[in-house]
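This report describes selected contacts within one protein chain. Please keep the sequence and the structure in view while reading.

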Amino acid sequence: MTTPEEQTSGLHEQLASGSLAGTWTLDPARSTAALRSKSVWGLVPVKGVFRDIEGAGTVSAAGDTSGHVSLKTASLDTKNAKRDEHLRSDEFFSTQKYPAITFTVDKVEPAGQGVNVTGTLTVRDQSRPLSFPASVARAGDAEISLDAAVQVDRSDFGLTWNQMGMSSMHNTITVHAVLTRS
């Protein structure tokens, strides 16, 4: 079994050598994207899972990376039908007009015991640069998984509804992305 340090060092070498070159596809059956926030003045945690996730990426022979992950906004499930309906409304995700949240990957670089992912997050046609650390694991030559907890201020994307100041503007999106070589 390799240590995280060995995996990161190995990933850096594999990116540089071109051994990861090719097209990688996100496996939606084994990948997850979840949302955490707080309501009722920070006393009540709100959790939800995006049930529809897709994505793909490319690694060049030189080790340059690009890709995207897309979450269908109407697929958010908080296990509360009334809340889910409200989150799909124009006060939040406006799923009819903006059917997806997308993250476009511009760069993945080894950093510390993992990687640093840099790209652009788009919610409701509002795009913002975003960079975050992720842990990475390899399973053979044909599978890589990345895990990250990304902090997002929803007001940066025009999601400002907040009845009586009860809801937090700060949200955490946790991602477990399993990518397989195509």
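## Salt bridges

In the whole structure, which is a predicted model, a search finds 4 salt bridges. Side chains of opposite charge can pair when their charged atoms come close.

One of these salt bridges joins the side chains of glutamate 143 and arginine 30, with a distance of 2.6 Å from N to O. This pair links distant parts of the chain, 113 residues apart: glutamate 143 belongs to strand 10 (residues 143-153), whereas arginine 30 sits in the loop between strand 1 (22-26) and strand 2 (32-39). Glutamate 143 has a relative accessibility of 21% and therefore counts as partly exposed. Arginine 30 is also partly exposed, because its relative accessible area is 39%.

Aspartate 77 and arginine 51 form another salt bridge, in which the closest N and O atoms are 3.2 Å apart.

## Strand pairing

Strand 11 (residues 170-181) pairs with strand 1 in the antiparallel sense, over 3 bridges. In this region, tryptophan 24 stands opposite arginine 181 of strand 11.

How many bridges join strand 10 to strand 11? There are 11 bridges, and the two strands run antiparallel. Aspartate 147 stands opposite histidine 176, which lies in strand 11. Strand 10 also contains glutamate 143, the partner of arginine 30 described above.

## A buried threonine

Threonine 65 lies in strand 5 (residues 65-72). Is this residue buried or exposed? Threonine 65 is buried, because its relative accessible area is 13% and the cut-off for a buried residue is under 20%. A polar atom of the threonine 65 side chain lies 2.8 Å from the backbone nitrogen of valine 108.

## Aromatic pairs

The structure contains 2 aromatic pairs. In the pair of phenylalanine 50 and phenylalanine 93, the ring centres are 6.3 Å apart and the planes meet at 70°, so the pair is edge-to-face. The pair links distant parts of the chain, 43 residues apart: phenylalanine 50 is in strand 3, and phenylalanine 93 is in the loop between helix 2 (81-88) and strand 7 (100-111). Phenylalanine 50 is buried, with a relative accessible area of 3%, and phenylalanine 93 is buried, with 8%.

Phenylalanine 103 and phenylalanine 132 have ring centres 5.5 Å apart and planes at 50°, so this pair is tilted. Because phenylalanine 103 lies in strand 7 and phenylalanine 132 in strand 9 (residues 126-138), the pair ties together parts that are 29 residues apart in sequence. Phenylalanine 103 counts as buried at 10% relative accessibility, and phenylalanine 132 counts as buried at 12%.

Notes: Residues are numbered from 1 along each chain as its sequence is written. This is a predicted model: local features need pLDDT of at least 70, side-chain atom pairs count only at pLDDT 80 or more; totals for chains, interfaces and linings use all residues. Side-chain values use heavy atoms; hydrogens and water are left out. Helices (H or I, at least four residues) and strands (E, at least two) are DSSP runs, numbered from the N terminus. Buried means under 20% relative accessible area, exposed over 50%, partly exposed in between (1.4 Å probe, protein chains only). A polar contact is a pair of N or O atoms within 3.5 Å; within protein, one must be able to donate a hydrogen and the other to accept it, and residues adjacent in sequence count only if both atoms are side-chain atoms. Two strands pair if DSSP finds at least two bridges between them. Rings of Phe, Tyr and Trp (its six-membered ring) pair if their centres lie within 6.5 Å; planes under 30 degrees apart count as stacked, over 60 as edge-to-face and the rest as tilted.
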